[in-house]
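Open the model in your viewer and keep the selection tool at hand. The stops below say what to select and what is there.

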Amino acid sequence: MDLASLSNTLNSLSITNTTNQSKVDTEEPSDTGNLKIMDAKVVKNELPLKEDVYSQVLNNQDISERFIQYLGLDDLRRLGASLVSSSECRPLFFSTKEEVRNIVFTPVEIDGSFWEGDYAWSSYLSDLGSWETRGTPQPGMVEYTTECREIDKVFSYHEGENEGENWIMFGELKDGSVYKFEGGCDNTGFDCIGGGELILAPGWRNLFDHLTAYEIGSFIDNLNQGAVELKQALNDISDSKDLNEVLAQLFSDKIIPDCLQLR
């Protein structure tokens, strides 16, 4: 597919939803003239995704931005690798590289299908087992507390098992609190011998400040399974203070720190 054909293909599509980079909904006219929904897999088949096409596409301002919008995370990573290894020095090329970096390193929520109905969380909600809910220390108060038990977002999730590893979840509740949830049980379940704790904090920065190095390592290891580059970049930060600051920016300020670079 040459650039003219690619441009025509992109112009025939209109993005309807780009909030989830792993799934892009688009529209195109059907045979009857009405718009029909296309998912990311269909769009992917419409576009050339070989690395030798990237530099040509990305140096064409008319189509580069639209091209990026139609790529899922896997293809954005391939694009990032191509950008890093390229000898191109045009300003547009580097602005595109920055845009791709921001997309790849933006934290992505864990899909609800992985944690909804979570065994440990359900047991906590039904008060089975022995549970402790506590808040991180705050200036001027003994602890931070909330009555909210409703999950809004999950960013890090580890599935446990009876007589095995604990269930661990990190995310945000609907009242704006952030949490670290952990629970485990024996083979009889939570209603006999099981339990754990829910640690609450008013924000991500505060939560990270009160986690151990082991807990932060668990948080990183169990981020969205597609966040390969983000995990690797975070694991490369050896200083704990620097790591906490980077995590706080990523999850509190929604800013991609300069130290995170595409490989």
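Two cavities of 30 Å³ or more turn up when the whole structure is searched; the model is a predicted one. Go to the second largest cavity, which holds about 30 Å³ of space. To show its lining, select Pro107, Val108, Phe155, Leu223, Asn224, Ala227, Leu230 and Phe251. Coloured by class, this lining has seven nonpolar residues and one polar residue, with no charged residues.

Next, select helix 10, residues 213-221. Which of its residues are buried? They are Glu215, Ile216, Ser218, Phe219 and Ile220. Show the surroundings of helix 10 as well: its buried residues pack against strand 5 (151-158), strand 6 (167-173) and strand 7 (178-185). On the helical side, the partners of these buried residues are helix 9 (204-209), helix 11 (228-235) and helix 12 (240-253).

Now select strand 6. Why is strand 6 largely enclosed by the rest of the structure? Buried here means under 20% relative accessible area, and seven of the seven residues of strand 6 are buried, so the strand is largely enclosed.

Strand 5 runs antiparallel to strand 6, and six bridges join the two; look for Val154 opposite Gly171 in strand 6. Strand 7 is also joined to strand 6 by six bridges, again antiparallel. In this pairing, Phe170 stands opposite Lys180 in strand 7.

Last, follow the chain from strand 6 into strand 7. The two form a hairpin with four residues between them. Select Gly176 in the turn, where phi is positive, about 95 degrees.

Key:
Residues numbered from 1 in each chain as written. Predicted model: local features only at pLDDT ≥ 70, side-chain atom pairs only at ≥ 80, totals over all residues. Heavy atoms only, no water. Buried < 20%, exposed > 50% of the residue type's maximum accessible area, 1.4 Å probe, protein only. Contact = heavy atoms within 4.5 Å. Pairing = 2+ DSSP bridges. 1 Å grid on protein atoms, 1.4 Å probe; cavity = no way out; pocket = protein on both sides within 12 Å on 5 of 7 lines; lining within 4 Å. Points joined across faces, edges and corners; volume = space filled by probe spheres on them. Nonpolar A, V, L, I, M, F, W, Y, C, P; charged D, E, K, R; others polar.
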